[in-house]
Structures are given as structure tokens and as C-alpha cells.
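Morning, everyone. Please bring up the model on your screens, and we'll walk through it together.

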Amino acid sequence: MIDPFRTDLVPLAILGGIGTYAARALPLLAPGVDRLPAPVLTYLRLIGPAALGAIAAANIFVADGAFRVGPEAVAVITGAAIGRWRNSLLVGMAVSVVVVLLLRATIAA
Amino acid sequence: MSGVVASDLRTARRRLAIDSIGIWVLAIVIGTIFGFTAREGGLSLIETAAFSSILFAGAAQFAAVGLLAVAAPWGSIVLLVWLLNARHFLYAASIAPHTTHLPRRVRAGLAYLLTDEAFALTSAHIARLGRFDLAGGWYAGASIFVPWNLATIAGWLAGAALPEPGTIGLDVMFPASMAGLAVGLVRDRAALIALITGGAAAIAAAILINPSAAAMIGGLIGPLVGIALTRRGGETR
């Protein structure tokens with residue numbers, strides 16, 4: 001039975017949080033960020049689509065250390081395309097869930 | 001506020017609110033799983049809540065609990081957490097040029113909430129408005145912080161009663177949200193190239209190096225290729 005009020009690992013959460021917060025805060029608190037050269041600002045602007053696309057791609061195309069195109073990849077790409085077309089993230093996520101369920105049911109049948 | 005009329009702001013905030021619904025659902029589902037996983041891993045309710053509220057970084061929290069379960073030393077856990085969350089440096093750097101007019105304490109507060117999802121919502125909001133909206137920034141951060149922490153506690157208390165997310169298709173919600181927000185940020189050829197090459201680099205990194213390095217490598221390489229390939233044609237905006 002776990003004591004719900006035990007605090008032994010709270011310092012570990014704090015230690016992890018310190019480095020995490022530093023990564024999030026340093027660029028936001030650094031002076032002169034708005035005076036960076038134009039190419040650097042363009043680079044920073046492109047981080048959004050690149051990093052988010054990277055997270056999605058690594059999630060859906062890699063399984064057990066190997067490249068794989070499965071129902072999840074088809075569902076996520078379909079959802080992203082429809083979400084873009086309908087201009088709605090929510091619609092895209094809902095489509096992804098429905099498509100993956102349909103594909104898994106089809107494969108299992 | 002220059003160049004942005006009130007109706008544009010209202011429209012953008014409405015879009016932000018609608019987009020955030022999916023993020024709320026995502027945070028509730030994954031947060032619940034984390035709460036349950038942490039309890040299974042032997043963490044107390046207070047310790048579990050501390051991970052979600054202080055560390056506040058989903059993938060790193062799961063990794064930490066996994067390492068605790070195999071009795072890994074604290075030093076290696078902390079190092080892994082920091083490495084996993086190093087990508088947040090890129091997020092902050094991307095948003096920073098839009099926030100320099102804000103007081104330092106406000107930026108310090110916003111930084112605390114800067115997760116994958118908050119960055120994605122904030123970036124899309126900035127792209128729609130052409131500037132940073134402070135209320136929108138706080139809302140984007142709260143859209144993950146509040147449900148994540150409430151769901152963590154709920155998951156610790158009652159997670160075993162919930163169905164496996166994969167059985168109802170909810171396991172694709174995280175990549176679907178990241179992909180959906182990524183394509184929403186594509187406004188020109190440079191961004192499209194950055195997205196595609198960032199994704200390709202991430203896949204290669206996940207296979208050849210480590211899945212935890214994928215986002216960082218994709219986020220670093222994608223913009224470089226996007227700029228390089230469009231500079232020849234004279235278009236980077």
C-alpha cells in the first residue's frame with residue numbers, strides 16, 4: 001500500500017524541473033532577442049512547423065526502432081490534411097481517431 | 001496591437017479556444033494515463049502531482065517513472081529529463097522575438113507553461129495575429145497545465161477503471177495534434193520544406209540515434225533546409 005502523502009521523490013521532480021525551466025526560460029529572458037538578424041528570425045519562425053512535424057513523424061513512422069507505415073500514420077496524415085482543409089485542429093484530431101479505429105477494425109476483420 | 005483590429009483578435013481567440021478543445025482532451029487522456037502509470041510505478045499521490053506540476057513535461061515524466069521503476073540513479077534520471085526537454089529551448093527561442101515588450105516576470109511565468117502543446121497553440125495564434133497576444137499565451141499554457149494536473153490526480157486515484165486508450169483510438173491524439181498544428185503553421189514554401197525535412201530528419205534520428213533526440217534534431221535541421229532551399233528562389237517569408 002502506497003502512502004499517498006509520501007514526499008521522497010519530490011526533490012527529484014524539482015531537480016528535473018530546474019533544467020526544464022531553464023531551457024524554457026533562457027531564450028525568453030535573454031535581452032536583445034528582437035534585434036537578431038533577419039535570417040536568424042526566419043530560422044526561429046520555421047522551428048514551429050519543423051519541431052512539431054518532427055514530433056508527429058517520429059511518433060507515427062517509427063516503431064521498435066524501425067521505419068513503419070501503419071494505420072496510425074495514415075490516420076494522422078488524413079486528419080492533418082482534413083484539419084487544414086477545414087481550418088480546424090479539432091476536426092483533424094477527430095478524423096484521425098475515427099480513421100485509426102476504422103483501419104484497425106478492417107485489419108482485424 | 002498595431003495593425004490588429006478587435007474583430008481579428010476576437011476571431012483569432014475563438015480559433016485558439018476551438019483548437020484548445022482537442023488539447024484539453026489530449027491532456028486529460030494522457031494525464032490520466034500518467035497518474036495511473038506513476039501509481040503502478042510506486043509513486044505516491046504527492047510525488048505524482050509534483051512531477052506533473054513542477055516538472056510539467058509529459059514525455060520526460062513517463063521516462064522518469066520508467067527509470068524509477070528499474071531503480072536508476074537520480075543523476076541519470078535528471079540528465080535524461082533535461083535532455084528530453086532541451087527542445088523547449090527551441091520553442092522559447094522561436095517565441096522570444098514576439099515577447100520582448102513584456103515585463104520579465106511575465107515572460108518568466110509564460111516560460112513555465114511552455115510545453116509542446118502550449119508552443120503549438122501559441123505559434124498558431126501568433127501566426128494568425130501577426131503578433132503575441134498575452135491573454136492567448138496564458139490561455140494556451142493553461143489549456144495544458146490545468147487538465148494535465150487534474151487528470152494526473154484523477155488517474156492516480158482511479159486510473160485502473162479507465163479503458164486502454166488504444167482500444168478507442170485515443171493513442172493517435174498526440175501525434176494528430178502535433179501534425180495538425182504543424183500544417184497549420186505552414187504559410188509559405190520555406191515552412192513546408194522545414195516541416196517535411198524536419199519530419200524526415202526526426203525519423204532518421206529516431207531510428208539511428210534515439211527517439212528522444214528526434215524532435216530536437218528535426219527542429220534544428222528543418223529550418224536550415226527550409227531557408228537554404230528557398231533562398232535560391234529569393235523566398236523565405
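One definition before we start: domain bounds come from an automatic or database domain assignment. With that, chain B divides into domain 1 (6–168) and domain 2 (186–237). The C-alpha centres of these two domains of chain B lie 23 Å apart.

Now some housekeeping. This is a predicted model, where local features need pLDDT of at least 70, side-chain atom pairs count only at pLDDT 80 or more, and totals for chains, interfaces and linings use all residues. Residues are numbered from 1 along each chain as its sequence is written, while chains are lettered from A and ligands numbered from 1 in the order in which they are written.

Back to chain B as a whole. What is it built from? Eleven helices and zero strands. Helices (H or I, at least four residues) and strands (E, at least two) are DSSP runs, numbered from the N terminus. The C-alpha atoms of chain B fill a box of roughly 55 × 45 × 40 Å along the principal axes. A compact globule of 237 residues would have a radius of gyration near 18 Å, and chain B has 19 Å, which agrees. That radius is taken over C-alpha atoms, and the globule rule is 2.2 Å times the number of residues to the power 0.38.

How much of chain B is buried? Buried residues make up 53% of its 237 residues. Buried means 20 or more other C-beta atoms within 10 Å of a residue's own; exposed means 12 or fewer; partly exposed is in between; and C-beta atoms are placed from the backbone.

Next, contacts. Two residues are in contact if their C-beta atoms, placed from the backbone, lie within 7 Å. Between the domains of chain B, six residues of domain 1 are in contact with five residues of domain 2. On the domain 1 side, helix H4 (74–84) and helix H5 (87–95) of chain B each supply at least two residues.

Between the chains, 87 residues of chain B are in contact with 70 residues of chain A. Helix H9 (residues 173–184) of chain B gives the most to the chain B side, with twelve residues. By class, that side has 59 nonpolar, 20 polar and eight charged residues. Here Ala, Val, Leu, Ile, Met, Phe, Trp, Tyr, Cys and Pro count as nonpolar, Asp, Glu, Lys and Arg as charged, and the others, Gly among them, as polar.

Now the core. A nonpolar core is a set of buried Ala, Val, Leu, Ile, Met, Phe, Trp, Tyr and Cys residues joined through C-beta atoms within 7 Å. The largest one has 108 residues, and A:Ala54, A:Val76 and B:Ala202 have the most contacts inside it. Helix H2 (residues 38–61) of chain A brings the largest share, 14 residues. Domain 1 and domain 2 of chain B both give residues to this core, so it lies between them.

Zoom in on A:Ala54. Which residues does it touch? Among them are B:Gly198, B:Ala202, B:Ala214 and B:Gly218.

Last stop: helix H11 (residues 214–231) of chain B. Its buried residues include B:Ala214, B:Gly218 and B:Gly222. What covers the buried residues of H11(B)? The cover includes H2 of chain A, together with H5 and helix H10 (189–208) of chain B.

Note on methods. Lists of a residue's contacts leave out its neighbours within four places in sequence.
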